[in-house]
Amino acid sequence: MFELLETYWKPFLYFDGYSYSGVAVTLWLLIFSVIVGFALSIPLAVARNSKYKLISWSVGLFTTVFRGTPLYLQLLICYSGIYSLTFVQDQPFLNSFFRNGMSCTLLAFTLNTCAYMCEMFAGALKNVNAGEIEAAKAFGMSRFKTYRYIIFPAALKQSIPQYSNEVIILLHSTTIAFTATVPDILKIARDANSATYMTFQSFGIAAILYLMLSFILFYLFRRFERYYTAHLPRPPVTKSRLSTYFSFLNKKRTQ
Amino acid sequence: MQDLFSKALSLVDLGGYGHLILQGTWMTVKLSLLSFALAMIIGVGTALMKSSRSMPLNACATLYTTLIRGVPDLVLMLLIFYGVQNWVGQLTVALGLPFIYIDPFSAGVITLAFIYGAYFSETFRGALQSIPEGQKEAATAYGLSKGQSFRYVVFPQMMRFSLPGLSNVWQVIIKATALISIIGLDDLISAVVNAGKSTNQVFFFLIIAAGIFLIYSMLSNIAFALLKKHFQIGVKEAN
């Protein structure tokens, strides 16, 4: 275990001798896809609740397809499927984009998490108190202002727990990135395994790293939630912090 | 005419790979159903352990569910598949037994069940807690044994309360089965990847797999709606 750590601590954390690797790459995948997916999901969520059936159905089709198929399959389609089309290979920009494992992985993860976040946020938008919206109208706020100052803040605050759930699930999903030759934590663990045959130790280190990342993310999100929902009434906290972590993880992705 | 017929046949059979894909689909369906059933058993057991009064049982169950849910499923799969294979190999060598090979299918079923059992245990524990204590006491008062009271009083209600959670985890399991092809099982994903590689139409075959997964998850949604109807018998529903 310790000799393994001695040789592989650097690749596991940030650098494998050629490029960034390990925790740094995993975090980059996570942060990029969460931020871009979140930014895309907001207009899509508004479109999902649109009065016009065509718009809301087309967004619904997007989310159904991306939530109904495995992320691994989506990554395969992005990485090996699209690149096998001849017109993609002929175009220089598309060619270089889809030949790069990292950009394909980022694309697949972003679209996937965007679909989940879109459905979550669309649900939260529907749940915003109708009285608040009516009050905003009565105050003469424009549609844009109502969204900007009333609806979005309320919906965002309401869905912080779901977002934190989604981010931790995405962290767990980033493990498949190694199939597209991205050097994340699991890729380093596999390299260590095939070089030393210390299977249990190599994957065990990866498991511990992921466990630690999950706990840290969970803690940060809790702080964040406390900060932004301080004005809302909350049930008295009687459980220890650890046991809230248990109950927090009891829902995987809600469909 | 003959030519047209063979063309139509090859279109239906996807250039000769249709039956391969069907086999892969059947493998995926088998894998998901078996691991779902096994995970339910593990989940009920762990939930009962968690609600028991014995401290060590409680701690074991809590440790199991926390560790499993904090670690990604793929890492666990690799850990269990390769790690357990190693241990079994060493054990058989030490005992002088012939080598036992754990095939990817049973490894997949065991791993998925082990992982999602932890998720189910939380669902079931929540459901167990929402059954009023008085009902169990009433069952005891009527002279029902512990097993009978679980079978006839607790279990049906537990199923009803946990059905939404079950359907969520089931959807996750369907998608997790795709990962087993990384371990080397000949499931739907590896079937379409092979077919795509040999016909040079990777994109087309991957899209077919996506369609099959979509249909599968939609069909299971319908099945869960029917199940919900079954377990809701005798419950007044508010409109």
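**The A–B interface and a pocket in chain B**

Across the interface of chain A and chain B, zero salt bridges turn up, a salt bridge being a side-chain nitrogen of Lys or Arg within 4 Å of a carboxyl oxygen of Asp or Glu. This is a predicted model, where local features need pLDDT of at least 70, side-chain atom pairs count only at pLDDT 80 or more, and totals for chains, interfaces and linings use all residues. Residues are numbered from 1 along each chain as its sequence is written, chains are lettered from A and ligands numbered from 1 in the order written, and side-chain values use heavy atoms, with hydrogens and water left out.

The contact (heavy atoms within 4.5 Å) takes in 41 residues from chain A and 39 residues from chain B. About 3600 Å² is buried between the two chains, 76% of it from carbon and sulfur atoms; buried area here is the accessible area (1.4 Å probe) lost on putting two parts together, summed over both. On the side of chain A that touches chain B, α12(A) gives the most, with 10 residues; helices are DSSP runs (H or I, at least four residues) numbered from the N terminus. That side has 22 nonpolar, 15 polar and four charged residues, with Ala, Val, Leu, Ile, Met, Phe, Trp, Tyr, Cys and Pro counted as nonpolar, Asp, Glu, Lys and Arg as charged, and the others, Gly among them, as polar.

As for the lining of the second largest pocket, α7 (146–176) of chain B is one of the helices that supply at least two residues each. By class, the lining has six nonpolar, six polar and four charged residues.
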